[in-house]
Amino acid sequence: MQDFSYFCVMAGIYIHIPFCKSKCGYCGFYSLPSLKLKDRFLEALKTEIVMRKDYLQHEPHCGIDPQSPALEGSHGPTTINTVYFGGGTPSLLGTDEIEGLMQVIKAHYPVAENAEITLEANPDTLSPDYLQALRETGINRLSIGIQSFFDNDLKYLSRRHDSAHARLSIEWALQAGFNNLSIDLIYGLPTSNAEQWNRNLDIFFEYDLPHLSAYALTLEPNAILTKQIEQRKALPVNEDDALRDYEILCQRAKENGYLHYEISNFCRCGMHSKHNASYWFGTPYLGLGPSAHSFDGASRQWNVSNVEDYCDALLSPGRNSGASPTVGKALKEKELLSPEQQYDEYVMLRLRTHWGIDLKWLKREMGERFSNYCQQQALPLIAQGRLTQTREFLHLTDRQMLFADGVAEELFW
Ligand code: SF4
């Protein structure tokens, strides 16, 4: 169960590309449905990349034993082992623009030769030529927002692609040589049923891809779909459907040899997202672009969630060029985490994963006060069958993972 032997935890850079062609109904992320500000944004982003080049000069704060084989192959705190272009829709950028960003990153950060460099992409922005050119930019991992292989689901979610394009985008990506390929699927849709969800999974397994991220449809307060449902203009979402689909997902992923390594993530052995794993293992990361978060091992920082404010902070002639983009309206610039907050965060993040909470690590890194408290709080949860203990690890079973937040709350300080 607690096999870390293939699992490396690494420092990384996240880059938020805040543009989309249009807004999907369920989306609660920060993105603009227009490319009007793209050039100014890219200039500001390059400024931020250079300006924050020393951010990761800290000792790593890992959620695992420093002697663990998990850290083998890690190149130390300042080496960048993962770069992740998220959004928004990063595949709206031209390959020359992505290459330009990679050049600035490589000029100012020690990026490991074998770094995992991921780009999130939407099917409607992909073509064989684009994907071929993308390979040349250094992107070596692709995460495609398929969401469903069925048109009725895609329409409900107001996605821009159809089922045929969903399949084509995967085939083109494979042909272009993107073997490290992940897709996103959404379950619990009122337009679907168990049979259709099974069929979605069949198609994923037929492609034999190394990674799947599958999310339950959640109704974000600011999403268009949430309002449509309130106004009875769209089908309502039923939580039982999500539970049914999640059980199908866990069962079928296991049968097909995938490791369920985080609530929403499944992989072939060793093909986990190394970038996302650094969030769950508490290693430092630098977030660049509007709304991006950073963590230096002891404190968190937020960038403003507004492209114009972000660009102004970094580029306006009236201000010092290179002003911190974290200086934003109604946003805390920095939050220093108290030991109690660090404990809560560790519990929340690790409970979401296959590896669970390491009581030995808690005792060694945070002291007996925290490990004893955690063990005490866990006892009734273990008795209720909501939590399992294997040696010094507390973890959730597949089914319980969907309720990780509720369990974590009971373990919080
Ligand atoms: S493509 Fe992604 S980020 Fe953009 S609107 Fe749709 S869900 Fe949101």
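Student: Which residue in S8 stands opposite His260?

Tutor: This is a predicted model, so keep that in mind as we go. When two strands pair, look across from one to the other. Here, His260 stands opposite Phe266 in S8.

Student: In which sense do strand S7 and strand S8 pair, and over how many bridges?

Tutor: They pair in the antiparallel sense, over 3 bridges. S7 covers residues 259-262, and S8 covers residues 265-267.

Student: What joins S7 to S8?

Tutor: A hairpin does, through 2 residues.

Student: And the side chains along a strand?

Tutor: In a regular strand, side chains alternate between the two faces of the sheet.

Student: How many bridges join S14 to strand S15?

Tutor: There are 3, and the two strands run antiparallel. S15 spans residues 393-395.

Student: Let me try a helix. Where does Pro128 lie?

Tutor: Pro128 lies in helix H3, which covers residues 128-136.

Student: Why is Pro128 called partly exposed?

Tutor: Count the neighbours. Pro128 has 14 other C-beta atoms within 10 Å. A residue is buried at 20 or more and exposed at 12 or fewer, so Pro128 counts as partly exposed.

Student: Which residues is Pro128 in contact with, leaving aside its neighbours within four places in sequence?

Tutor: Trp172, Gln175 and Ala176. Now compare sequence with space. Pro128 and Gln175 are 47 residues apart in sequence, yet 8.2 Å apart in space, C-alpha to C-alpha.

Student: What about the chain as a whole?

Tutor: Of the contacts with a separation of 6 or more, 73% are between residues 24 or more positions apart. The protein chain has 15 helices and 15 strands. Buried residues make up 42% of its 413 residues.

Student: Last one. Which residues are around the ligand?

Tutor: Among them are Cys20, Lys23, Cys24, Cys27 and Phe29. Further along come others, including Thr89, Asn122 and Gly145. Then sort the shell by class: 4 nonpolar, 6 polar and 1 charged.

Technical notes
Residues are numbered from 1 along each chain as its sequence is written. This is a predicted model: local features need pLDDT of at least 70, side-chain atom pairs count only at pLDDT 80 or more; totals for chains, interfaces and linings use all residues. A residue is near a molecule or strand if its C-beta atom, placed from the backbone, lies within 6 Å of it. Ala, Val, Leu, Ile, Met, Phe, Trp, Tyr, Cys and Pro count as nonpolar, Asp, Glu, Lys and Arg as charged, and the others, Gly among them, as polar. Helices (H or I, at least four residues) and strands (E, at least two) are DSSP runs, numbered from the N terminus. Two residues are in contact if their C-beta atoms, placed from the backbone, lie within 7 Å. Two strands pair if DSSP finds at least two bridges between them.
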